[in-house]
Amino acid sequence: MSKKELRRDMAKLRNSLSDKEIETLSSRILDNLLKLDEFNSKSELLCFANIRSEVSTRAIMCSYFDVGKKIAAPKVIGDEMEFFYLDNIDDLYIDNQSKFKIPEPSEKHKCLPGINSVIMMPGLVFDKSGHRIGYGGGYYDKYLTLHDSVVKIAIAYDFQVIEKIDEEIIEDTDISPDYIVTDKQIIKL
């Protein structure tokens, strides 16, 4: 199966979830994240704002805000992605000039992540070896090449994790997560 077909099929499956299913599965993912020392012990969370049928990240962000930790969200600037701190969860907005119409932060306080940071990685398909197929822009791969000391946690619904992604469609530039956390399991890589 080609990367395009795999993306299409998984997006279709994910888009078939009801709002209630997204809420329930996202809550279970947060429960599993809270069992993970690498998530709890860090002082800074870099987290995307979900759209459409992605895992809901609002409760994940709130879990960090509730204990006084820092949160940063991504903003695409040209061909690059940078993270900027949020003062509160409602600091995210959709810029009409934005390429992807994803809620983004203002560019007030740039985040410079390090060993006390954890990043939530989105994606469409993952395999049990840690390979990831995202949306095709390579933004996370480029960003994580520059910031490789952060703990990388992919969050996904359990059905998004397949046994093996065909090696022919895996690219050398793809960055793998350290963990995949789903509604049913935590996979340490």
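Arg14, Phe48, Glu54, Val55, Pro122, Gly123, Tyr135, Ile155, Ala156 and Gln160 line the largest cavity; lining residues have an atom within 4 Å of a point of the cavity, which is a set of points on a 1 Å grid over the protein atoms alone where a 1.4 Å probe fits but cannot get out. This is a predicted model, in which local features need pLDDT of at least 70 and side-chain atom pairs count only at pLDDT 80 or more, while totals for chains, interfaces and linings use all residues. Residues are numbered from 1 along each chain as its sequence is written, and side-chain values use heavy atoms, with hydrogens and water left out.

**Cavity**
- The count comes to one cavity of 30 Å³ or more, and the largest cavity has a volume of about 50 Å³, a volume being the space filled by probe spheres set on grid points that are joined across faces, edges and corners.
- Its lining divides into six nonpolar, two polar and two charged residues, where Ala, Val, Leu, Ile, Met, Phe, Trp, Tyr, Cys and Pro count as nonpolar, Asp, Glu, Lys and Arg as charged, and the others, Gly among them, as polar.

**Nonpolar cores**
- A nonpolar core is a set of buried Ala, Val, Leu, Ile, Met, Phe, Trp, Tyr and Cys residues joined through side-chain atoms within 4.5 Å; buried means under 20% relative accessible area, exposed over 50% and partly exposed in between (1.4 Å probe, protein chains only).
- The largest nonpolar core has 48 residues, of which Phe39, Met120, Ile153 and Ile155 touch the most other members.
- Helix 2 (residues 19-33) supplies the largest share of this core, five residues; helices (H or I, at least four residues) and strands (E, at least two) are DSSP runs numbered from the N terminus.
- A second, separate core of eight residues includes Leu6, Ala11, Val125 and Ile165.
- Beyond its neighbours within four places in sequence, isoleucine 153 has contacts (heavy atoms within 4.5 Å) with residues including Leu33, Phe39, Met120 and Val181.

**Helix 5**
- Tyr139, Tyr140, Asp141, Tyr143 and Leu144 are buried in helix 5 (residues 139-146).
- The buried residues of helix 5 pack against several strands, among them strand 4 (117-121) and strand 7 (151-155).

**Cysteines**
- The structure holds zero disulfides, a disulfide being a pair of cysteine sulfur atoms within 2.5 Å.
- Cysteine 47 is in no disulfide, and the nearest cysteine sulfur, that of cysteine 62, is 10 Å away; cysteine 47 is buried at 0% relative accessibility.

**Backbone**
- Arginine 52 has a positive phi, near 45°, in a residue other than glycine.
- Arginine 52 lies in the loop between strand 1 and helix 4 (58-65) and is exposed, with a relative accessible area of 68%.

Definitions and conventions: On a 1 Å grid over the protein atoms alone, a cavity is a set of points where a 1.4 Å probe fits but cannot get out, and a pocket is an open set with protein on both sides within 12 Å along at least five of seven lines; lining residues have an atom within 4 Å of a point.
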